[in-house]
Amino acid sequence: MADNSLPESWRFIKQVVEGRWFAVFASFLIMIGAGSTYIFGTYSKAIKSQFDYNQTQINTLGFAKDLGSNFGVFAGLLGEVAPPWVLFLVGSALNFWSYFMIWLSITGRIAKPPFWEMFLFICVAANSQNFANTAILVTSVRNFPDRRGIILGLLKGFVGFGGAILTQFYLALYGHDNPTNLVLLLSWLPTVASMLFFLSIRPIKVRKDPDELRVLYHLLYVSIILALFLLFLTITQKQTVFTQEAYMSGATVIIGLLLIPLLIAIREEFMLFKLNKQTLNNNPTVPILMPEHEPSPKAPPTIQQIPEASTSCFSMTFKKPQRGEDFTILQALFSKDMALVFIATLTACGASIAAIDNLGQVGESLGYPSQTISIFVSWVSIFNFFGRVFSGFISEALMTKYKLPRPLMFAFSHLLTCIGILFIAFPYKGSVYAASLIIGFGFGAQVPMVFAIISELFGLKYYSTIFNCGQLAVPIGSYILNVDVIGKLYDIEAAKLGGVKNGKGLTCTGTHCFSGSFLILAVVVLFGAVVSLVLAYRTQDFYKGDVYNKYREDMWIPQSDMEFYCIDDRKKGGNNLPRMDMPPKYNFLKL
């Protein structure tokens with residue numbers, strides 16, 4: 001309830017920090033920390049040199065990172081029974097412990113750990129991000145139920161360039177001489193971000209805001225400007241020598257851009273605060289409609305909703321509800337739709353990660369200089385972001401306006417990735433530039449669409465566990481395609497066609513080194529596109545309807561100026577008052 005005993009300025013601050021848009025701003029900052037998994041290659045060199053690991057051991061640690069970052073089942077199950085702040089606390093504790101132990105190990109402050117222990121540290125470090133990731137995604141989808149594709153794209157976009165932002169902060173604080181300091185930064189910075197904002201991210205029951213899409217587009221514009229600045233900064237740093245002051249200047253600009261979403265949140269809350277105050281001054285007895293910060297209590301189940309005692313869990317698993325309704329975890333996992341989503345994700349995301357992980361060696365085998373190879377990796381990160389945000393906005397628009405199934409757009413992202421992979425399978429001069437751009441964008445486009453499709457088909461009740469089970473396809477696909485396809489075929493080509501022994505295994509040079517394996521990857525991704533088209537065909541009738549209708553029923557949508565006076569006042573400057581026949585689920589409070 002509004003506290004009239006507080007000064008007006010404090011009431012406004014309280015309204016800002018309890019609002020949805022401040023929660024979005026806080027989510028952006030925390031999701032940047034989840035990008036730490038994308039800079040494993042930077043500090044893995046320090047691990048390799050400190051412990052004298054061979055390349056096979058480093059690749060195994062890379063698999064530990066992929067396994068941990070995609071095995072979010074524990075975070076999902078915890079999210080079913082605990083509020084978001086519990087997930088933030090658990091994730092922060094695991095993040096600090098694991099990265100701090102890695103830092104203590106590589107700096108020699110503790111004894112050299114066994115290899116299995118280092119595997120565990122890296123796996124836990126990557127897995128810790130799943131707790132914040134799960135809390136933020138589930139909460140945001142519930143706070144923006146009919147804009148879920150857009151909000152997922154924005155949030156996953158910040159994960160996409162989070163590694164680049166963390167790298168710039170590392171360079172500004174510590175310089176580039178000692179990558180062990182990067183591990184120290186990863187231990188405390190994401191932890192501090194979660195501790196500062198973990199109470200701000202929670203389900204917030206609000207009325208439908210007609211200007212919601214406009215604000216989301218403003219956030220999109222800010223994120224694009226930030227991504228372009230990171231692209232400019234990264235390329236410039238590869239071409240010229242930066243001083244410590246230059247690194248700090250770049251980080252300062254990044255911080256300034258990151259604060260713009262906070263200014264947008266303050267602007268939105270200030271408009272509402274001012275109009276509420278104006279309305280009260282004109283008529284002090286008018287009750288003001290305020291959002292509930294907790295979901296309304298659920299109605300008691302009807303007789304039909306209560307399963308009979310004799311009904312077994314196994315039999316209920318195969319009595320699936322209609323698409324879009326709330327599936328149980330087992331109902332979702334044993335459904336044909338989930339099988340198709342799993343296969344499509346395994347092929348597309350698995351092949352994309354396998355291609356990205358080997359992009360450096362591809363460039364090396366084709367004779368590109370090391371400076372150019374670094375640009376490839378940076379391009380993948382930046383265009384990964386563009387793929388994530390644009391797929392969220394574009395797929396949402398095409399689905400709501402033209403009733404196109406989202407799996408159809410998922411299939412298109414497969415085809416885009418397939419084209420990028422073919423640029424490596426059949427290389428020509430400069431083709432790896434195009435490949436890094438297209439593969440990065442295609443992989444970025446796939447990620448938010450997977451999460452959105454799962455939420456649309458299987459409901460939000462058990463979403464935290466279901467989407468974490470679905471993304472298990474990613475490490476499975478990347479391991480099979482990376483190790484069993486690319487790695488083995490590379491060794492065969494190197495041995496067969498005169499590879500060079502350099503002390504770290506055979507090194508292959510020429511177009512033949514990766515052409516066969518990447519051709520297999522292209523076929524796998526093409527098969528995944530066909531699977532996505534099958535899913536689109538199966539769900540076309542579902543997407544022709546109003547996918548978000550059941551969520552709009554829980555939100556009051558204004559139909560006239562009198563019903564949403566504050567939005568009308570923004571545009572017309574009037575003093576309209578809210579109607580007295582609002583749904584009873586909303587609280588009427590006097591400010």
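Visitor: How do the residues lining the second largest cavity divide into nonpolar, polar and charged?
Guide: This is a predicted model. In it, Arg20, Ala23, Val24, Ser27, Thr139, Ser140, Asn143, Phe144 and Ile201 line the second largest cavity. Sorted by type, that lining gives 4 nonpolar, 4 polar and 1 charged.

Visitor: How much space lies in the largest cavity?
Guide: Its lining includes Ile30, Phe88 and Pro190. The space inside is about 90 Å³.

Visitor: Which helix gives the largest share of the lining of the largest cavity?
Guide: Ile30, Phe88, Gly91, Ser92, Asn95, Ser128, Gln129, Ala132, Pro190, Thr191 and Ser194 form this lining. Helix 6, helix 7 (115–143) and helix 10 (180–197) each give two or more of them. The largest share, 4 residues, comes from helix 6.

Visitor: How many charged residues are in the lining of the largest cavity?
Guide: Go through the types. There are 4 nonpolar residues and 7 polar ones. The count of charged residues is none.

Visitor: Where is Val90, and is it buried, partly exposed or exposed?
Guide: Val90 sits in helix 6 (residues 84–106). Its relative accessible area is 29%. Buried needs under 20%, and exposed needs over 50%. The value falls in between, so Val90 is partly exposed.

Visitor: Which residues does Val90 contact, leaving aside neighbours within four places in sequence?
Guide: Sequence distance and distance in space are separate things to check. Val90 and Ala132 are 42 residues apart in sequence, yet their C-alpha atoms are 8.7 Å apart. With the neighbours within four places set aside, the contacts of Val90 are Leu78 and Phe131.

Visitor: Which residues touch the most other members of the largest nonpolar core?
Guide: This core holds 131 residues. One of the residues asked for is Leu154, whose contacts beyond four places in sequence include Phe28, Leu216 and Phe393.

Visitor: How many residues are in the second, separate core?
Guide: Its members include Val380, Ile439, Ala494 and Cys513. The total for this second core is 28 residues.

Visitor: What is the phi of Asp52, and why does it stand out?
Guide: Asp52 lies in the loop between helix 3 (40–51) and helix 4 (55–70). Asp52 is exposed, at 68% relative accessible area. Asp52 is not a glycine, yet its phi is positive, at about 55°.

Visitor: What is the phi of Lys403?
Guide: Lys403 is in the loop between helix 18 (370–402) and helix 19 (406–425). Lys403 counts as partly exposed, at 32% relative accessibility. Lys403 is not a glycine, and its phi is positive, about 60°.

Visitor: What percentage of the residues in the protein chain is buried?
Guide: The chain has 26 helices and 4 strands. It runs to 591 residues. The buried part is 55%.

How values were computed. Residues are numbered from 1 along each chain as its sequence is written. This is a predicted model: local features need pLDDT of at least 70, side-chain atom pairs count only at pLDDT 80 or more; totals for chains, interfaces and linings use all residues. Side-chain values use heavy atoms; hydrogens and water are left out. Buried means under 20% relative accessible area, exposed over 50%, partly exposed in between (1.4 Å probe, protein chains only). Contact means heavy atoms within 4.5 Å. On a 1 Å grid over the protein atoms alone, a cavity is a set of points where a 1.4 Å probe fits but cannot get out, and a pocket is an open set with protein on both sides within 12 Å along at least five of seven lines; lining residues have an atom within 4 Å of a point. Grid points are joined across faces, edges and corners, and a volume is the space filled by probe spheres set on the points. Ala, Val, Leu, Ile, Met, Phe, Trp, Tyr, Cys and Pro count as nonpolar, Asp, Glu, Lys and Arg as charged, and the others, Gly among them, as polar. A nonpolar core is a set of buried Ala, Val, Leu, Ile, Met, Phe, Trp, Tyr and Cys residues joined through side-chain atoms within 4.5 Å.
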